[in-house]
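Hi there,

Here is the structure I promised to pass on to you. Please open it beside this email, and then read on for what I found.

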Amino acid sequence: MGSTSDWNVMSGATTILDEFGVEYEKRVLSAHRTPREVEEWASGARERGLCTIIAGAGGAAHLAGVIAAYTTLPVIGVPVKSRSLEGLDSLLSMVQMPPGIPVATVGIDGAKNAALLAVEFMAITDPEMKNRLDAFREKQARNVLESQI
Ligand code: RP5
């Protein structure tokens, strides 16, 4: 994530990854404030064994796009709600990538869905992850059907 101020949102991703038993790296790196470190971290991501990168940032949210420029791993961007423009700036900064460098952008503050999407990528080849996803969906549906108003 681009700042510690994004943690309140981005912790939603780690909650999901913990629930699914997925190991991850968790870093604060800024496309604008620490560009060299972003390059170094993203360039070595595949060699360190990562399979998907989730990048959350707000405002002029360039982190996901810059990371995507330095790796061919799939990058999922989370536009974090900003103080001035409610996250519309974050969303538009992130979603309109030029052809050739994709970022899969989820909704504003959509860190949980970013993590679920990453798990779905893993489940393409990992039957255990597929089972966990099925169980997650079943539990979610049960909660809806059993909800009281
Ligand atoms: C972005 O600027 C960060 O991702 C954060 O959402 C926003 C504000 O950062 P802080 O000023 O709170 O550190 O780079």
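To start with the sheet: which residue in β2 does Ile 53 stand opposite? The residue facing Ile 53 is Val 75. Do keep in mind that this is a predicted model.

β1 is joined to β2, residues 75-80, by 6 bridges, and the two strands run parallel. The whole sheet is open and has 3 strands, in the order β1-β2-β3, with parallel pairing.

Now for the ligand, which sits in the second largest pocket. Around the ligand you will find Gly 2, Ser 3, Ser 5, Asp 6, Arg 33, Ala 57, Gly 58 and Arg 83. Sorted by class, this shell holds 4 polar, 3 charged and 1 nonpolar residues.

- Ser 3: an N or O atom of its side chain is 2.6 Å from a ligand oxygen.
- Arg 33: here too a side-chain N or O atom is involved, 2.8 Å from an oxygen of the ligand.
- Gly 58: a polar backbone atom lies 3.0 Å from a ligand oxygen.

How much of the ligand does the protein bury? On its own the ligand exposes 360 Å², and the protein buries 73% of that.

Happy exploring, and write back with any questions!

Note on methods: Residues are numbered from 1 along each chain as its sequence is written. This is a predicted model: local features need pLDDT of at least 70, side-chain atom pairs count only at pLDDT 80 or more; totals for chains, interfaces and linings use all residues. Side-chain values use heavy atoms; hydrogens and water are left out. A residue is near a molecule or strand if one of its heavy atoms lies within 4 Å of it. A polar contact is a pair of N or O atoms within 3.5 Å; within protein, one must be able to donate a hydrogen and the other to accept it, and residues adjacent in sequence count only if both atoms are side-chain atoms. Accessible areas come from the Shrake-Rupley method with a 1.4 Å probe; for residues, only the protein chains shown count as cover. On a 1 Å grid over the protein atoms alone, a cavity is a set of points where a 1.4 Å probe fits but cannot get out, and a pocket is an open set with protein on both sides within 12 Å along at least five of seven lines; lining residues have an atom within 4 Å of a point. A molecule sits in a cavity or pocket if more than half of its atoms lie within 2 Å of its grid points. Ala, Val, Leu, Ile, Met, Phe, Trp, Tyr, Cys and Pro count as nonpolar, Asp, Glu, Lys and Arg as charged, and the others, Gly among them, as polar. Two strands pair if DSSP finds at least two bridges between them. Helices (H or I, at least four residues) and strands (E, at least two) are DSSP runs, numbered from the N terminus.
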